[in-house]
Amino acid sequence: MTSSSALICDTEAWKALKGHVEDINKTHLRELMSDANRCQYMMMEFDGILLDYSRQRATVETMDKLLNLAKAAQLTEKISRMFNGEHINSTENRSVLHVALRAPKDAVIKADGKNVVPEVWNVLDKIKEFSEKIRSGSWVGATGKPLKDVVAVGIGGSFLGPLFVHTAIQTDPEALECAKGRQLRFLANIDPVDVARNSNGLNPETTLVVVVSKTFTTAETMLNARTLREWITTALGASAVAKHMVAVSTNLALVEKFGIDPNNAFAFWDWVGGRYSVCSAVGVLPLSLQYGFPVVEKFLKGASSIDQHFQSTPFEKNIPVLLGLLSVWNVSFLGYPARAILPYSQALEKFAPHIQQVSMESNGKGVSIDGLPLSYETGEIDFGEPGTNGQHSFYQLIHQGRVIPCDFIGIVKSQQPVYLKGEMVSNHDELMSNFFAQPDALAYGKTPEQLQKENVSENLIPHKTFSGNRPSLSLLLPELTAYSVGQLLAIYEHRVAVQGFVWGINSFDQWGVELGKVLATQVRKQLHSSRTQGTPLEGFNYSTTTLLKRYLETSSEPQT
């Protein structure tokens, strides 16, 4: 056991991995991939998902050393503490219980000594009842018309997770059928362009607005909510708000003050972090309005399946633990700061943007959970695009520039299969041919000798040489349904937690988000007083003063 204030880098397990890097640097993935026993060891299957991490720059010995690191970091205990509702988010003195949001009804998960699962299901049952009223047309708008369109207003975790799930399942045949005649839009950015785009073509008479803000004070969300309230009341009168706006919040007093009936507010809890909130009312309400609660319940069950696997499976066969340890290996030992998330499915186009927040807001920390400065890097720079789009964009850098470990995510069965007569393969086969080929291209590369045998001219050989030895892993899902989307989400959530637990940081606070908000408040006050009273610019540095002056002189904002 390490003492609570020690850094993980002071342990023998960490030092052993540091020494092991030299051994790995002597090998190439071409050599590692020729060992069938090693490759077999590095394949794992659970609940239909196949993980293949044989193209990581790691041996069986590396994995043993990483599992020793997990022991040194007390990973078993930390996972138990999370599931037991202990206040592992110590800087905010909170439990971290997003797993309770998708737990079965008979589960017992406690926060501060109280089983929270019944509370969770009270909200889920309320969402089920409300969404069925809207979808059946028994709840109508102010003019008696059914509400067919939903705009969810929220930012950060109140937007990225729900948008990812919505985008992922909207072409699934079952979800597509359930969503007929309905549309769901997400308004996040305070930029008025986003408001215009998300209200364009909608009729206030048939629109329901869901305002998502835990405190009901988030500046961007509340200004967007007031903007849409104005849009509704201008068309339908002030009394229409009660019929056309509902809230996901914990602050019932401000919800009521805003004009929304507190009975139409859906609760969540302070043990739910924003980026982990898609399985709460934050995501479940708008998604149930669009697809019906039964579809969304399948999503929750998929996530719960991975929660149980994560909590109970030995680490050497535990998918989120293995992924988390490999990320620590790549970042802290091999020195790769980034990770590309490459789903070979257009339906997963919003997956990387969501994981950017889950990962980078969680693990972008410079001090340990005890406040000690870290002597090693934490966190990864996450980015990605669906294949094959990414191949025609940034894969050049991945193949011949910087080394960036890649996550390839493939789907066996397409949501929307197409097979054209006379073509060699189906459209999905064409897509998946790339999914299977790209990891090998990165691992093996192409040598000058191979190019010479192909009679490539001497002057082009350096340009056409691929070094290979570029790590990746592959996740293969049987199909992309609400259930498997839930699985994928939970795998990545827990992977991020594992990284943070090993690095010894708090993955569940985000103080770095706050400073810019405070400074923006000063600017907001200055803009208001300069526009309304002609107050001179004061208290800013030369650069900001110059930029503000130009903005005030040339912007055409109305005087208020």
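**View 1. Lining of the second largest cavity in this predicted model.** The second largest cavity is lined by Leu101, Val120, Val123, Leu124, Ala267, Trp269, Cys279, Ser280 and Ala281, where a cavity is a set of points on a 1 Å grid over the protein atoms alone at which a 1.4 Å probe fits but cannot get out, and lining residues have an atom within 4 Å of a point. Its volume is about 40 Å³, taken as the space filled by probe spheres set on the points, with grid points joined across faces, edges and corners. Helix H6 (residues 117–136) gives the most to this lining, with 3 residues; helices (H or I, at least four residues) and strands (E, at least two) are DSSP runs numbered from the N terminus. By class, the lining divides into 8 nonpolar residues, 1 polar and no charged, with Ala, Val, Leu, Ile, Met, Phe, Trp, Tyr, Cys and Pro counted as nonpolar, Asp, Glu, Lys and Arg as charged, and the others, Gly among them, as polar.

The model is predicted, so that local features need pLDDT of at least 70 and side-chain atom pairs count only at pLDDT 80 or more, whereas totals for chains, interfaces and linings use all residues. Residues are numbered from 1 along each chain as its sequence is written, and side-chain values use heavy atoms, with hydrogens and water left out.

**View 2. Lining of the largest cavity.** The count comes to 2 cavities of 30 Å³ or more, and about 50 Å³ of space lies in the largest cavity. Its lining consists of Gln56, Ser327, Asn330, Ala338, Arg339, Glu380, Pro405, Cys406, Asp407, Leu473 and Arg495, of which 4 are nonpolar, 3 polar and 4 charged. Helix H15 (319–333), strand E10 (338–343) and strand E12 (406–413) each supply at least two of the lining residues.

**View 3. The open sheet and its edge strand E6.** The 5 strands stand in the order E6-E5-E7-E8-E9 with parallel pairing, two strands being paired if DSSP finds at least two bridges between them. Strand E6 (183–187) and strand E9 (265–266) stand at the edges with a single partner strand each, so one side of each is left without a neighbour in the sheet. Strand E5 (residues 149–153) pairs with E6 in the parallel sense over 5 bridges; among the partners, Ala152 is bridged to Phe186 and Val153 to Leu187. Because 4 of the 5 residues of E6 are buried, this strand is largely enclosed by the rest of the structure, buried meaning under 20% relative accessible area (1.4 Å probe, protein chains only).

How values were computed: 1 Å grid on protein atoms, 1.4 Å probe; cavity = no way out; pocket = protein on both sides within 12 Å on 5 of 7 lines; lining within 4 Å. Buried < 20%, exposed > 50% of the residue type's maximum accessible area, 1.4 Å probe, protein only.
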